[in-house]
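Reader: I am new to this structure and would like to go through it step by step. Could you show it to me before I ask about the details?

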Amino acid sequence: MSAALRGPRLKYEDISNNVVYKTSNAINRKATISADGIQCVVRDWKICKELTSKLNIKRNLRSLNGDNIQRYIKEKNKEAHAAAIEEAKQLKAEITQLEIKVAELERGLLDLALQIPNDTHSQSPLGPESAAVTLSTHGPPPIPASPSRDHYAICQALQLVDFQSGTNVTGTSWYYLKNEAALLELALTNFSISMAVKHGFTPVLTPDVVRADIANRCGFQPRDPLSDPPKSQMYQVDAGPSAPDLVLSGTSEIPLGGMCANRIYAAGALPLKLAGASGVDTRGLYRVHQFSKVELFAVTEIDASEQMMEEMKNLQVAIYSALGFPFRVLDMPTEELGATAYRKYDMEAWMPGRGNWGEISSLSNCTDYQAQIRSRRQSHDNLYAHTLNGTAAAIPRLIVALLENGTKFDADNNIIVIELPNVLRPFWLDNGSGRNLISWV
């Protein structure tokens, strides 16, 4: 595979034939593009088609004229040869101008069309986050909310996390995991990867740095909505003037997707199932700049992505059920789908210290939206493949859920032990500290 990726191939004809749906869908999803913007895409695509047709005609005339020039040379027809040379000059100038116009139009068309979000599943709820539908609940009944169960206070009391050093060394919302918390991250990572492997996913350790173009093609363009204009929240890597634009990947979905770019899959080669581990981009561990994460990624044929989404959801449910805390599965509404997702499930764990449900995972079926941008096709029908991505383990969120649900207190509200599920025990590294904080249940 070449280092340079082919330009995105978007379905402009589909946009043109479904303007009303594309417009209402963009409104329902709170997309940045306006109704006028979508009309501009249709208008510019038609103009681009007309200019491209003219350009191809001119190129064909140039080819025919080149054959005539060779024939006139053989015939020693100087008058006809001179006229053909003049025609060649005229054609060259016209072709150059058309090529410039088409290239400019294609760039503007692509920039605008990429703001049009993916289509939406008919069962996805309409509206903001509060409109999410609970599909299922799992685990024990939620225990009462209590400030004493706040994971930040537990971590400080047991020396599990050093937030102050993180602030001193890097800045706010950075941290050091210590003692049992560090061991818990390793155990959770290895447990979730082992579960993914058992379900047929290939383990992959991915680069943390990717080309900015790859991140953009994955639809990964996080921005600060409070700034005007919105500023990028991706970390840039300055590797020198001759190096490509590089960014921190933020999630292994991006390098996993990059592995599949510019590939053609033969019939029977799909599905492709990958599990990648990487680090990603207020108080405590719930919202931080960097955390470890195990990501699930799949490529399927166009009629198999909905079945794969259910299969991946079942794997996520199996992982979190084994960890023993209360959690629920939500069907996310249109305003929470972003640009890429056709349908999205979120998993939320009950976090009694926070006094609320907190997101621990998501799962998105992106249909062919990312594949259009990444130029991935199924070879037997020359169709774009479907892609899906989901989180097997967002490690700090799982640590929060386990600490806030599993910490046991005595009558004076002093911490006695932290109960952790037995499924993690095979992955636990005993550091011989003698602290005896962990009780396996």
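Reader: Thank you. Which residues of α4 are buried?
Author: This is a predicted model. In its helix α4, the buried residues are A80, A84, L91, I95, L98, V102, L105, L109, L110 and A113.

Reader: What do those buried residues pack against?
Author: The buried residues of α4 pack against α1 and α3.

Reader: And how far does α4 reach from end to end?
Author: From its first C-alpha to its last, α4 reaches 51 Å with its 36 residues. That is close to the 52 Å expected at 1.5 Å a residue.

Reader: How do α3 and α4 sit relative to each other?
Author: Helix α3 covers residues 35–75 and helix α4 covers residues 78–113. Their axes come within 8 Å and cross at roughly 160 degrees. Angles over 145 degrees count as roughly antiparallel, so α3 is roughly antiparallel to α4.

Reader: Is that crossing left-handed or right-handed?
Author: The crossing of α3 and α4 is left-handed. By class, their contact has 23 nonpolar, four polar and ten charged residues.

Reader: Let us turn to α2. At what angle does α2 cross α3?
Author: Helix α2, residues 19–28, crosses α3 at roughly 145 degrees, and the two axes come within 9 Å. This crossing is right-handed.

Reader: Which residues make the contact?
Author: From α2 they are V19, K22, T23 and A26, and from α3 they are A35, I38, Q39 and V42. The contact of α2 with α3 divides by class into five nonpolar, two polar and one charged residues.

Reader: What lies in the loop between α2 and α3?
Author: K30 lies in that loop. Its phi is near 55 degrees, which is a positive value in a residue other than glycine.

Reader: Is K30 buried or exposed?
Author: K30 counts as exposed because its relative accessibility is 59%, and the cut-off for exposed is over 50%.

Reader: Where else is there a positive phi?
Author: Q159 has a positive phi of about 55 degrees, although Q159 is not a glycine. Q159 is found in the loop between α5 (151–158) and β2 (161–162). With a relative accessible area of 48%, Q159 is partly exposed.

Reader: Which peptide bond is cis?
Author: The bond from L270 to P271 is cis, with omega near 10 degrees. P271 is in the loop between β10 (264–265) and β11 (272–280).

Reader: Back to the helices. How many residues of α12 are buried?
Author: Twelve of the twelve residues of α12 are buried, so the helix is mostly covered. Among them are R397, E404 and N405.

Reader: How far apart are the end C-alpha atoms of α12?
Author: They are 16 Å apart, which agrees with the 16 Å that twelve residues should span at 1.5 Å a residue.

Reader: How does α7 meet α12?
Author: The axes of α7 (residues 179–198) and α12 (residues 395–406) come within 10 Å and cross at roughly 115 degrees. The crossing is right-handed. In α7, the residues A181, L184, E185, L188 and T189 meet I395, L398, I399 and L402 of α12. These contact residues divide into seven nonpolar, one polar and one charged.

Reader: One last topic: where does N17 lie, and is N17 buried or exposed?
Author: N17 lies in helix α1, residues 12–17. N17 is exposed, with a relative accessible area of 56%. N17 and V42 are 25 residues apart in sequence and 8.9 Å apart in space, C-alpha to C-alpha.

How values were computed. Residues are numbered from 1 along each chain as its sequence is written. This is a predicted model: local features need pLDDT of at least 70, side-chain atom pairs count only at pLDDT 80 or more; totals for chains, interfaces and linings use all residues. Side-chain values use heavy atoms; hydrogens and water are left out. Axes are lines fitted to C-alpha atoms, for helices over the stretch in contact, and angles run from 0 to 180 degrees between N-to-C directions. Helices (H or I, at least four residues) and strands (E, at least two) are DSSP runs, numbered from the N terminus. A crossing is left-handed if the near helix is turned anticlockwise from the far one by less than a right angle, and right-handed if clockwise. Contact means heavy atoms within 4.5 Å. Ala, Val, Leu, Ile, Met, Phe, Trp, Tyr, Cys and Pro count as nonpolar, Asp, Glu, Lys and Arg as charged, and the others, Gly among them, as polar. Angles under 35 degrees count as roughly parallel, over 145 as roughly antiparallel, 65 to 115 as roughly perpendicular and the rest as oblique. The expected span of a helix is 1.5 Å times one less than its number of residues. Buried means under 20% relative accessible area, exposed over 50%, partly exposed in between (1.4 Å probe, protein chains only).
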